[in-house]
Amino acid sequence: MLLLGFPTELGSKPDKSAITKKVYSLNSKDNEPLIVKIPLTEVLLCVFHIPLPRIQIHHKMKKTSIIILVTIAAMIIGLLTYSVDFSTYDTVASAKKKEGKFVHLIAKLDVSKPVEYDPIKNPNYLSFYAIDSLGGTTKVVYRNNKPTDLEKSERLVMKGTMTKDHFECKDILLKCPSKYKDNEQLQKNMPGAEQATY
Amino acid sequence: MNFEGEHLLPGQLGHFFVILAFIASLVATVAWFNANRTASIPDRAQSWLKLARAAFITQVLSALIVFGIVYYICANHYFEYLYVYKHASVELEPKYLLACIWEGQEGSFLLWALCHSIIGSIFLLRKNTWEAPVMTILSLAQAFLFMMILGIYIFDVRIGNGLFVLTRNELEAPIFNQPNYLNFIRDGIGLNVLLRNYWMVIHPPFLFLGFAASIIPFGFAYAGLVTRRYKEWVKPAMPWLLFCTAVLGAGIMMGGKWAYESLSFGGYWAWDPVENASLVPWLILIAGLHTMLIFMHTGRALRASVLFAFLGFSFVLYSTFLTRTGILGDTSVHSFTEAGSAINVMIRTFMLFFTLLGLFLFFRHYKKIPAIHTEEKTNSREFWMFIGSIVIFLSAIFIIAITSIPVYNQLPGIKNLIIRLHGGPLAMPEDPEFLYNKVMAMVAIILGLFTAIAQYFRYKDTPGNVVLKKIALPTLVSALVTLAVVLVYPLTYDKQGPGFKIAIYLGFFAMFYAMIANGFYLANVQKGKLKAAGGSIAHIGFAIMIAGMLVSSSNKQVISSSLVNGITFEASKDPRTGKAEDPQENLTLIRQVPTRMERYEVTYLKDSAGHEKGRKFYQLQFTQKDKATGKINEQFMLYPDVYLMKDNNMSSNPDIRTYPTRDIFTFVSYALKDNTAEDTTAFNEVVMNIKDTAFYSNGYMILEGVLKNPNTGRFKYQPNDMALVADIRVVSKDTIQYAAQPAIEVDQDHLHHVDDTLYAQNLFLRFNGVTADQKIRLGIRESDKLIDFVTVKTIVFPYINAVWAGLVIMIMGIFTSMVNRAGFSKTKGFVALLAGALFLVFMFLFANN
């Protein structure tokens, strides 16, 4: 018979006298078979010399632990029910398939098409064309001021939704070459570098 | 080849001292480790200690010399050094010299190592028995840091990025074939435009000092475990942990103040990955602070304290990993990328080594760490403090879990799992700020309530209705104050619906509760004895700060928006919901033309040049007139500026007018770049065919077509009118395009010109007529006078100064605790606190661009 519970001590030496006490303290009536209930751990220990941890009946779980577990459970349930609607990174083509969904469109400014921004007429309307790595293009409308250096950007990450005829952009992240001082960029700007690129 | 004009000695010396510092820190680590190991043999331990201290001093001096040399070569513009070429420039003002030293990765690693040196030195000077194990950890971290900037080669593999590498060795360019190449390198790239302000000089040192200080709690936890002095490490570690959280907290919010003052995103916190990554270790260390307090009073929560001490520094390293390796890529504007894959491997190793070390020791010693197995009572202070600490810890885990999404997208196994489940890499949801805000609002409510309630419980046990009696009054007062606020100054934040609005109101209640309860406690229980009142003061400061954040964010008003000013633009409805779009937030101010912005009349008066080349200030006059009498109630000027740097990098810096109860924040969102048209042509006529091109001083225009009696857009002609409209597409030098449609009308025997004006290009176009052979005659006139304009965004932030004031109070509270527990003498403590208070008040409340 095993007593279930959580161990509270590890590695303490087996107390042989306790076993002896257990066996011999039982009243044995004559001619009656002596049935001794010996814990399995004691058997393993004395007969096979396998020490297992001493085990005791466990107290009820600490209040604090209960509260912690409940909080974590609540968080997980909350997270699943109001599951966060993570967005996706998309090309023009895949974004067009997800019309109406909020996506991250990765593309470049299409310099062959016009960039419209007339702050005097309307400082909150910018429109341009973006082209992605697969060649797909779309018109982009951004109802805010034109980010500086839009024309110099290498890559755009546009957050928004695709509509029937254009991409309604809520936010633009520009990747500009001049921001980063990597060696490639520096080499290009070295005096005399232009001559080397014939 | 013998290159002319190079100053190679400083670099060689610098390189030598970096290597020396690295070796010295390794020697110190080993020596202190052995000193700890032989602690039972005093003689041996002493000799190890002596060696360790000597090595440490060597390392500190070497680090200082290295810094001095870097400063020297930058100040003298020795562009033969790549680091100087990258970060310094001839026109850089001396005050920014320090900033340019730690602009680069290598420089900031050096700064971190210097901070460690300072912390380590102070630790050594306060002689204690914990020296050996704690300094083992500090020296080891130091060794890692120096390894990052070694720049030596072992069998073709480069270890670290050297500070003193030569430009000609790192970059390929034909000029390096010439011995006098230095004559061609006239200037360096210089400090990035966005970093040219005093914050770049102040914020990194504070932040790195805070990061560096987090090694001490780690070291103490380590020391406690390995020397089996499981309980004794907590008390000496406390003042260090307090120092760390105070400095780190100040450093983090300095970043926020910087963003608010200098950047144009209009706020001080954007839940950007870099911001989050530095907040997370702070939260964990605060949790650790509270569990250590619990331990000191009740003997409980020791295991949690050990864990939090380990995790604090581990997450500092994780934040370094996120910001320096470029793994965040496109997801953050802060991505300081491209240190190179060699350094990425080393940063990863640094992070994994310490994290695994801490976790390994923690689990190995878990059973041996003394823990009290009976339950704590619900009506005990430590129960509430412990739950609160767990909440803080879990909120930190939440923040870092969401922030690390770009990392999951790149982890070998997880990456494919995500693609399978989600259809592609995970991207942030539509409103990531709201995701963080709604969770953290809940956390703030819980913490505010707990901060208030916990004060009224005693440690271990509190008799029955004592708590209820004492807490009744503060609760009532808080409820009344909140109600008063709700009625008098309600929130106007409906963007996220009523649920969130209620949450914000609850947040207010929780914060007032915390303020009032802690105030009562301070007055009644601690009887105003400030020395022991650090905790209460810190809590009050925290509550003020959060309340300030709540109100300044939810009641912020963009007064340049079209909705506010009744300007309607063409239909701007959200295509998905059909609702009216977010109000259009920009407003164009034409020079000398007063424009209405909420209660103000704003006029763009003129622009002026700043000290720095390429910097232009725009003078905006804000006038508030009495509606009835027209008398001027108030008038002030704001000077937002635009800084156009040499590689056409442009940064827009706001100007802020601060009142006690609100800030008026304005910045330039669009301005014409300085294009001085050299030849301003007078009225000029060109003859054009359809699709012909004509030129003007700032670009060209194409006649797309000629329309007869158009009835769309600008014109509403009828079929029997006689009108011709030239449809012209104007393309300016900076590739912006405009549409112009000058028209000509024949009205009986009059010829009517309807000119079109492109103010942005100072261009007047007139449809003069049609030639015999169906070509059009177009009159082009460019104005002599520049019709100048500037597009701005102006935001009013109510009670934002509560954020800074609350922060200062909170940090002063933490400092007070530190001074108390570190056993400073009365004078020393007073001086330290006064200096701290003055500095913080100046930095956060008065310093300005």
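B:Lys826 lies in helix α23 of chain B, which spans residues 826-846, helices being DSSP runs of H or I with at least four residues and strands runs of E with at least two, numbered from the N terminus. B:Lys826 is exposed, at a relative accessible area of 78%, where exposed means over 50%, buried under 20% and partly exposed in between, with a 1.4 Å probe and protein chains only. The model is predicted, so that local features need pLDDT of at least 70 and side-chain atom pairs pLDDT 80 or more, while totals for chains, interfaces and linings use all residues. Residues are numbered from 1 along each chain as its sequence is written, chains are lettered from A and ligands numbered from 1 in the order in which they are written, and side-chain values use heavy atoms, without hydrogens and water.

**Chain B overall**
- The secondary structure of chain B comprises 23 helices and 24 strands.
- Of its 849 residues, 57% count as buried, and the C-alpha atoms fill a box of roughly 115 × 85 × 60 Å along the principal axes.

**Helix α13**
- B:His365 belongs to helix α13 (residues 341-365) and is buried, with a relative accessible area of 3%.
- The side chain of B:His365 makes a polar contact with that of B:Tyr230 at 3.0 Å, a polar contact being a pair of N or O atoms within 3.5 Å of which, within protein, one must be able to donate a hydrogen and the other to accept it, and residues adjacent in sequence count only if both atoms are side-chain atoms.
- B:Leu357, also placed in helix α13, is partly exposed at 21% relative accessibility.
- The C-alpha atoms of B:Leu357 and B:Phe310 are separated by 8.8 Å, with the two residues 47 apart along the chain.
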